[in-house]
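Dear colleague,

I am handing over a structure that will be new to you, and after it you will find an account of what came out of looking through it. Please read the notes with the structure open beside them.

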Amino acid sequence: APFSLLTYDDAKNHAAAIVAATRAGVVPPWKPEPGDGEFVDERRLTAEQIATLRQWVEGGLVEGDPTLLPRPPAWTGQWQLGTPDLVIETVPYTVRSSGHDVYRNFVLPIETSTSRRIRAWEFLPGSGAVHHATMQFDPTRSSRRFDEQDPEPGYEGLVPHSAMSPDGYFLGWQPGMTSNVAPAGMSW
């Protein structure tokens, strides 16, 4: 969200926008249309949850018992799943301080001498300026050619059609997202 939602006051100050966004189905963000299959860890609110938010606003934004609140999340800046078997890092990149969003594609070779199966993956940003990230694989040299033509690390613009996610997976990340562990028997 373009604002924090860690406290009651955060939610109260944006209550009308929260109700409108949940009613419209744009929050929480979840692109698949309802009824087009079931997904692991689906991020949709139920009709009852959406109605509860609306009733809270219509009822005067009453604060519940603060002693029943869960502890706020602790952002450690560390790996959630422990030290990974393989870490792939970008070179440092400084985001412009003003202007439009930056859509930057970083091309990272995966240097390994053996084939590996992936059961879990994590994205650990080095900065709070990262809004979201997607990871794809490009078995061609197309992404590298775009990178070589841009003087800065990576390149701006669209990802070539040769870059893709592994079959059945969308490797995306946004702040607050938990790490992704494939269900048993579904490593790739």
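I begin with a pair of helices, where Ala15, Ile18, Val19, Thr22 and Arg23 in helix 2 meet Ile50, Leu53, Arg54, Trp56 and Val57 in helix 3, a contact being heavy atoms within 4.5 Å. By class, this contact of helix 2 with helix 3 has 7 nonpolar, 1 polar and 2 charged residues, where Ala, Val, Leu, Ile, Met, Phe, Trp, Tyr, Cys and Pro count as nonpolar, Asp, Glu, Lys and Arg as charged, and the others, Gly among them, as polar.

Before going further, please bear in mind that this is a predicted model, in which local features need pLDDT of at least 70 and side-chain atom pairs count only at pLDDT 80 or more, while totals for chains, interfaces and linings use all residues. Residues are numbered from 1 along each chain as its sequence is written, and side-chain values use heavy atoms, with hydrogens and water left out.

As for the chain as a whole, it has 4 helices and 6 strands, helices (H or I, at least four residues) and strands (E, at least two) being DSSP runs numbered from the N terminus. Read from the N terminus on, the order of these elements is α-α-α-β-β-β-α-β-β-β. The C-alpha atoms fill a box of roughly 60 × 45 × 35 Å along the principal axes. Of the 188 residues, 16% count as buried, where buried means under 20% relative accessible area, exposed over 50%, and partly exposed in between (1.4 Å probe, protein chains only). Among the contacts with a separation of 6 or more, 64% are between residues 24 or more positions apart.

To return to helix 2, which spans residues 15-24, its buried residues are Ala15, Ile18, Val19, Ala21 and Thr22, and these pack against helix 1 (8-13) and helix 3 (47-58). Helix 2 and helix 3 pack at an angle of about 155 degrees, with their axes 10 Å apart; the axes are lines fitted to C-alpha atoms, for helices over the stretch in contact, and the angles run from 0 to 180 degrees between N-to-C directions. The two helices are therefore roughly antiparallel to each other, a label given to angles over 145 degrees, whereas those under 35 count as roughly parallel, 65 to 115 as roughly perpendicular and the rest as oblique. Just after helix 2, Gly25 takes a positive phi of about 80 degrees.

The loop between helix 2 and helix 3 holds Val40, which counts as exposed because its relative accessibility is 62%. Val40 and Pro183 are 143 residues apart in sequence, yet their C-alpha atoms are 8.7 Å apart in space.

The structure also holds 5 salt bridges, each being a side-chain nitrogen of Lys or Arg within 4 Å of a carboxyl oxygen of Asp or Glu. One of them joins Glu156 and Arg104, whose closest N and O atoms are 3.6 Å apart. Since Glu156 lies in strand 4 (residues 155-156) and Arg104 in strand 1 (residues 104-105), the pair ties together parts that are 52 residues apart in sequence. Glu156 is partly exposed at 38% relative accessibility, whereas Arg104, at 12%, counts as buried. Arg104 and Glu156 are also linked with Asp150 in a network of salt bridges.

Another salt bridge is formed by Arg44 and Glu42, with 3.4 Å between the closest N and O atoms; Arg44 is partly exposed at 27% relative accessibility, and Glu42 is partly exposed at 38%. The side chains of Glu148 and Arg141 likewise meet in a salt bridge, at 3.5 Å from N to O, and here Glu148 counts as exposed at 59% relative accessibility, while Arg141 is partly exposed at 44%.

Lastly, Phe106 lies in the loop between strand 1 and strand 2 (120-121) and is partly exposed, with a relative accessibility of 31%. Leaving aside its neighbours within four places in sequence, Phe106 is in contact with Thr90, Tyr93, Pro153 and Gly154.
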